[in-house]
Amino acid sequence: MRLTSIKDLLTPGIQTLEQEAWKLVQTYDGYLDDVDADHREPGIHASELNTCRRQVVYSLFNTERKAKVEAKWRKKFDVGTALHGMVQGHFEKMAARSNGRLSFERKVRVDDTPLAKELFLTSSCDGIFTIFDDREQPLIRIALEIKSKAPDDYEKMKEPEKKHNDQAHVYMACLDTPFTWFFYWNKGKEQYTPSVPPFLVKFDPVIWAHLETRARECIAFAERGEL
């Protein structure tokens, strides 16, 4: 028997074959449970610099990540990736319609900047906006950081999370951008935070000084082979 077309539904006893379709969800669950953690290139990642220094040193050692990613987190990560792509696509189209007054570059890497090379930083920010004046000269540059939030968490937010602010300061320092717009997306109501303070953050040299010191400490540990 087969069940590949509508007419096959009329075959006597075909209902038993339907159970093969029921197994799709089990196959999907099994796939999610078996996905390994994504490999990340060696170096200091902006999202990890304010975490445990041992984790940073492991990254500098390029230690293989062997842990599995739980299915619920894999789904969250992939939804976040899809959201990033959607929003970045919107901003690209928005810039294309601006008659040269705005540009947007998605996923801008920091790796090739002098500061990143000095501190072994390897990451990318979600995008860079450039606003131009009437003479088509750059007027202001703004980094973009996209994050998604559950509705309850979104409603409680008064300002960017500290760990996100630290992450953005790595991007601002390396890419020499004076501002970051924290674009928090409410996953329940499709709301998002505006490009005004406190979600438009100005570069703070004090925050960066702390992060730079931390990066240099981790490099020193790695050079000595210490965890």
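User: Which residues does T193 touch, not counting residues up to four places away in sequence?

Analyst: This is a predicted model. T193 is in the loop between β4 (179-186) and β5 (200-202). Leaving out residues up to four places away in sequence, T193 touches Y154, W181, F182, F183, Y184 and F199.

User: Does T193 count as buried or exposed?

Analyst: The cut-off for buried is under 20% relative accessible area. T193 has 4% relative accessibility, so T193 counts as buried.

User: Which backbone oxygen does the side chain of T193 reach?

Analyst: F182 is among the residues that T193 touches. The side chain of T193 reaches, at 2.6 Å, the backbone oxygen of F182.

User: Which element gives the largest share of the largest nonpolar core?

Analyst: This core has 26 residues; I44, V110, L121, V170, C174 and W208 touch the most other members. Elements giving two or more residues are α3 (53-61), α5 (114-119), β2 (124-132), α7 (162-175) and α8 (205-224). The largest share, 6 residues, comes from α8.

User: Why is the protein chain described as more spread out than a compact globule?

Analyst: The chain comes to 8 helices and 5 strands. For 227 residues the globule rule gives 17 Å. The chain is more spread out than a compact globule because its radius of gyration is well over that, at 23 Å.

How values were computed:
Residues are numbered from 1 along each chain as its sequence is written. This is a predicted model: local features need pLDDT of at least 70, side-chain atom pairs count only at pLDDT 80 or more; totals for chains, interfaces and linings use all residues. Side-chain values use heavy atoms; hydrogens and water are left out. A nonpolar core is a set of buried Ala, Val, Leu, Ile, Met, Phe, Trp, Tyr and Cys residues joined through side-chain atoms within 4.5 Å. Buried means under 20% relative accessible area, exposed over 50%, partly exposed in between (1.4 Å probe, protein chains only). Helices (H or I, at least four residues) and strands (E, at least two) are DSSP runs, numbered from the N terminus. A polar contact is a pair of N or O atoms within 3.5 Å; within protein, one must be able to donate a hydrogen and the other to accept it, and residues adjacent in sequence count only if both atoms are side-chain atoms. Contact means heavy atoms within 4.5 Å. The radius of gyration is taken over C-alpha atoms; the globule rule is 2.2 Å times the number of residues to the power 0.38.
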